[in-house]
Amino acid sequence: EVEKIRIKITSLGLTESRITSDETIQQLFVECRLNNFLAEETPLSLPKPTGGQRIHYNYSTVINVDKEDNHAEREYLKSILLEPDLRADSLKFTVVSDPPEDEQDLECEDIGFAYVSLKEIFQKQRDIIEQDIDVFDAQDASAVIGKLTVTVEALGALRSVHEECKKD
């Protein structure tokens, strides 16, 4: 069980912003990315939530980080723990606008980003359970456009990797 990172994308709420008022943004899905080698996305895109409402994805996924089959993922986790200034130490969640059926010429567009620091989980020795994290505007990283409720259970895997680092 410890050789896994569990991720759950529970729900998304938006605050008033250019996103809520943009008529071309109608359906949203969420992608979760670990560094550059692993991306998962919610199978459904859901209608954009309006004033104060939330949309519920309740999507769970597991990233395996065992030595045998997932060496790259494991080496990456090691680098997070060993390199103090590694910038890419976070799981990155991207809120993506899915164009409506009748407008297939429109591209999927990244509208917001949210981050969970794996290094922080290890430092605090605490998983993130059903926590609201800020979603920042893809066009203005200082503007918060909403909240994404996520669970990231990574502590067991990080501890396991840390033990291994100590042996090496």
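**Salt bridges, helix packing and a buried loop residue**

Reader: Why is E75 called partly exposed?

Author: In this predicted model, E75 has a relative accessibility of 32%. Partly exposed covers what falls between the buried limit of 20% and the exposed limit of 50%, so E75 counts as partly exposed.

Reader: What makes E75 and K78 a salt bridge?

Author: Their side chains meet at 3.5 Å, N to O, and the cut-off is 4 Å between a Lys or Arg nitrogen and a carboxyl oxygen of Asp or Glu. The pair therefore qualifies as a salt bridge. Both residues lie in helix α2, three residues apart, about one turn of the helix.

Reader: And K78, is that residue buried or exposed?

Author: K78 is buried, because its relative accessible area is 9% and buried means under 20%.

Reader: Which residues are linked with E75 and K78 in a network of salt bridges?

Author: E3, K67, R74 and E164 join E75 and K78 in that network. One of its pairs is E164 with K67, whose side chains meet at 3.5 Å, N to O. E164 lies in helix α4 and K67 in the loop between β5 and α2, so this pair ties together parts that are 97 residues apart in sequence. E164 is buried at 12%, whereas K67 is partly exposed at 47%.

Reader: How do you know that α2 is roughly perpendicular to α4?

Author: The two helices pack at an angle of about 75°, with their axes 9 Å apart. Roughly perpendicular runs from 65 to 115 degrees, so α2 is roughly perpendicular to α4. From α2, the contact is made by R74, L77, K78, L81 and L82. The α4 side brings L158, S160, V161, H162, E164 and C165. By class, that contact has six nonpolar, two polar and three charged residues.

Reader: How many salt bridges does a search of the whole structure find, and which one links R54 to a distant part of the chain?

Author: The search finds twelve salt bridges. R54 in strand β5 pairs with D132 in strand β8, 78 residues apart. Their side chains meet at 3.4 Å, N to O, and the limit is 4 Å, so the pair counts as a salt bridge. R54 is partly exposed at 32%, and D132 is partly exposed at 40%.

Reader: Let's finish with a loop residue. Why is N70 called buried?

Author: N70 has a relative accessible area of 16%. The limit for buried is under 20%, so N70 is buried. This residue is found in the loop between β5 and α2.

Reader: What makes N70 and D66 a polar contact?

Author: Their side chains come to 2.8 Å, and a polar contact needs N or O atoms within 3.5 Å, one able to donate a hydrogen and the other to accept it. Not counting residues up to four places away in sequence, N70 touches N64 and V65.

Methods:
Residues numbered from 1 in each chain as written. Predicted model: local features only at pLDDT ≥ 70, side-chain atom pairs only at ≥ 80, totals over all residues. Heavy atoms only, no water. Helix = DSSP H or I, 4+ residues; strand = E, 2+ residues; numbered from the N terminus. Buried < 20%, exposed > 50% of the residue type's maximum accessible area, 1.4 Å probe, protein only. Contact = heavy atoms within 4.5 Å. Axes fitted to C-alpha atoms, helices over the stretch in contact; angles between N-to-C directions. Parallel < 35°, antiparallel > 145°, perpendicular 65-115°, else oblique. Nonpolar A, V, L, I, M, F, W, Y, C, P; charged D, E, K, R; others polar.
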